[in-house]
Amino acid sequence: MVENNGAIRTLSVDIGGSGVKVLVLDITGKPLTQRARTETPQPAKPEAVIDAIAGLAATQGEFHRVSVGFPGVVRSGVTETAVNLNPDWIKFDLATALSNRLNKPVRVINDADMQGLGSISGKGVELVITLGTGFGSALFVDGKLVPNLEMGHHEFRKGETYEEQLGRATLEKVGEKKWNRRLEKAIASLEHLFNYDYLYIGGGEAVRVDLDLPPNVKIIPNITGLLGGIALWKD
Ligand code: BGC
């Protein structure tokens, strides 16, 4: 039981296709610990990933609750898709399983949604895309999340999806120059579709973006994927 609300510490977890990351946030969302990271276990089955989270959590000192960003569709703590992890995640109750393991309340949302919550201004139409193992997307209207936007698996060009054209595997294959040209086309297409006020580009590969971006398009640091964890408890 926590007597002083101000002392509540939230363990924020970002499950990615290549790494699992954690840090502890204070009640205002400020980091209290150094980010810890471990490789995503292979095969990335639920039990193995939960073990990895528990191992990282043990390095973070005290915490009272847990927020998780998961790379797939999440509804009420249950993971429904996990294209870049393992089919065992389909219909897996991650919130309950992790809560039983860590003995703390757990809330789970999509990873791009969580990164968006750590980045947006809260005004107008804000779109977030994340460039990592997969292609994540999140949409906000005046700060309100439209959950589980799954743009990554929709067709972008040449019969391929955004994720097939811009995911990490393709980046390694086609190189940064071609990948950046594709990204430029993707930004143009998203602008026409969403007419957003702001577009934020995050994820582990955002550091490789090498484009002259318009003023309403911003690169966001990967740490925002964890900073967004505090927003899951704002109710
Ligand atoms: C998943 C999304 C996720 C994105 C980034 C995609 O493959 O379908 O839910 O946000 O990867 O991890």
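Is Trp 89 buried or exposed in this predicted model? Trp 89 is buried, with a relative accessible area of 0%, where buried denotes under 20% relative accessible area, exposed over 50% and partly exposed the range in between, for a 1.4 Å probe and protein chains only. The model is predicted, so local features require pLDDT of at least 70 and side-chain atom pairs count only at pLDDT 80 or more, whereas totals for chains, interfaces and linings use all residues. Residues are numbered from 1 along each chain as its sequence is written, and side-chain values use heavy atoms, with hydrogens and water left out.

The structure holds five aromatic pairs, a pair being rings of Phe, Tyr and Trp (its six-membered ring) with centres within 6.5 Å, counted as stacked if the planes are under 30 degrees apart, edge-to-face if over 60 and tilted otherwise. The rings of Phe 70 and Trp 89 are tilted, because their planes meet at 50 degrees, with the centres 4.9 Å apart. Phe 70 belongs to strand S4 (residues 65-70) and Trp 89 to the loop between strand S6 (78-79) and strand S7 (92-93), so this pair ties together parts that are 19 residues apart in sequence; strands here are DSSP runs (E, at least two residues), numbered from the N terminus. Phe 70 is likewise buried, at a relative accessible area of 0%, and ring pairs link Phe 70, Trp 89 and Phe 92 into a cluster.

Phe 156 and Tyr 162 form a stacked pair, with 4.6 Å between centres and 10 degrees between planes, and both residues are buried. Over the face of Phe 156 lies Arg 157, at 5.9 Å from the ring centre, the criterion being NZ of Lys or CZ of Arg within 6 Å of the ring centre and within 35 degrees of the ring normal.

Strand S4 also takes part in an open sheet of five strands, ordered S3-S2-S1-S4-S8 with mixed pairing, in which two strands pair if DSSP finds at least two bridges between them. The edge strands are S3 (36-39) and S8 (106-110), each pairing on one side only. Strand S1 (residues 10-15) and S4 run parallel and are joined by five bridges, and Val 13 has Val 68 in S4 as its bridge partner.

Note on methods: Helix = DSSP H or I, 4+ residues; strand = E, 2+ residues; numbered from the N terminus.
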